[in-house]
Amino acid sequence: MELRRVEELMDLLHACRGARGTACLGGAPVDLHDHALQTAALLRRSRPADKELQVAGLVHPIGHLLRPGDPTGHADLTADAVRPLLGERVAGLVRLHRESPDNRISEDVLILRQADESARTAGLDAGVLEDWRTVLELVSARHTRLGAVD
Ligand SMILES: [Fe+2]
């Protein structure tokens with residue numbers, strides 16, 4: 001599956017509300033919607049200028065929704081889904097955030113991984129998804145002509 005519009009991505013992220021995942025977490029199940037928002041918020045705090053890194057954190061759990069119960073393939077699946085919309089760098093960050101050995105990852109992936117680990121606080125208010133629409137459109141517009149004219 002490939003996402004072509006920010007709206008499709010927003011729908012998927014909304015659908016994460018109430019979905020619980022453990023696959024990329026390795027701990028207690030968390031609400032995937034909260035997990036997405038908390039990961040993105042942590043990255044916005046640590047790397048305020050890097051919108052692509054923040055967006056990678058936001059979208060990284062959607063693979064759990066695309067193919068529930070497939071923990072091994074979820075990172076690749078998510079990367080393939082977001083690549084046409086958000087570009088190669090975001091897809092690469094998502095793909096590597098769990099699967100790669102520590103000695104082969106970049107500092108960006110390490111920061112994403114740390115945010116992913118920390119973003120598991122039940123009930124912590126990390127804003128609302130709508131706050132991210134403009135950022136998603138900005139990143140998307142850099143990578144797709146579709147995004148630029150929408
Ligand atoms: Fe995660």
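The side chain of His 97 comes to 2.7 Å from the backbone oxygen of Val 94. This is a predicted model, and His 97 sits in helix H6, which covers residues 88–99. With a relative accessibility of 0%, His 97 counts as buried, because buried means under 20%.

**Helix H2 on its own**

- Helix H2 takes in residues 32–46, which is 15 residues in total.
- Where H2 starts, a side-chain oxygen of Asp 31 comes within 2.9 Å of the backbone nitrogen of His 33.

**How H2 meets H7**

- Two packed helices are described by the angle between their axes and the distance between those axes.
- For H2 and helix H7 (residues 107–118), the angle is about 130 degrees and the axes lie 8 Å apart.
- That angle makes H2 oblique to H7.
- The crossing of H2 past H7 is right-handed.
- On the H2 side, the contact is made by His 35, Thr 39, Leu 42, Leu 43 and Ser 46.
- H7 contributes Ile 111, Leu 112, Ala 115, Asp 116 and Ser 118 to this contact.

**How H2 meets H3**

- H2 also packs with helix H3 (residues 51–59), at an angle of about 165 degrees and with axes 7 Å apart.
- Because angles over 145 degrees count as roughly antiparallel, that is how H2 and H3 are described.
- H2 and H3 cross in a right-handed way.
- From H2, the residues in this contact are Ala 36, Leu 37, Thr 39, Ala 40, Leu 43 and Arg 44.
- H3 meets them with Leu 53, Gln 54, Gly 57 and Leu 58.

**Thr 144, in a loop**

- Thr 144 lies in the loop between helix H8 (133–143) and helix H9 (145–149).
- Its relative accessibility is 13%, so Thr 144 counts as buried.
- Leaving aside neighbours within four places in sequence, Thr 144 is in contact with Pro 84 and Leu 85.
- Thr 144 and Arg 4 are 140 residues apart in sequence, yet their C-alpha atoms are 8.6 Å apart in space.

Terms used: Residues are numbered from 1 along each chain as its sequence is written. This is a predicted model: local features need pLDDT of at least 70, side-chain atom pairs count only at pLDDT 80 or more; totals for chains, interfaces and linings use all residues. Side-chain values use heavy atoms; hydrogens and water are left out. Helices (H or I, at least four residues) and strands (E, at least two) are DSSP runs, numbered from the N terminus. The expected span of a helix is 1.5 Å times one less than its number of residues. A polar contact is a pair of N or O atoms within 3.5 Å; within protein, one must be able to donate a hydrogen and the other to accept it, and residues adjacent in sequence count only if both atoms are side-chain atoms. Axes are lines fitted to C-alpha atoms, for helices over the stretch in contact, and angles run from 0 to 180 degrees between N-to-C directions. Angles under 35 degrees count as roughly parallel, over 145 as roughly antiparallel, 65 to 115 as roughly perpendicular and the rest as oblique. A crossing is left-handed if the near helix is turned anticlockwise from the far one by less than a right angle, and right-handed if clockwise. Contact means heavy atoms within 4.5 Å. Buried means under 20% relative accessible area, exposed over 50%, partly exposed in between (1.4 Å probe, protein chains only).
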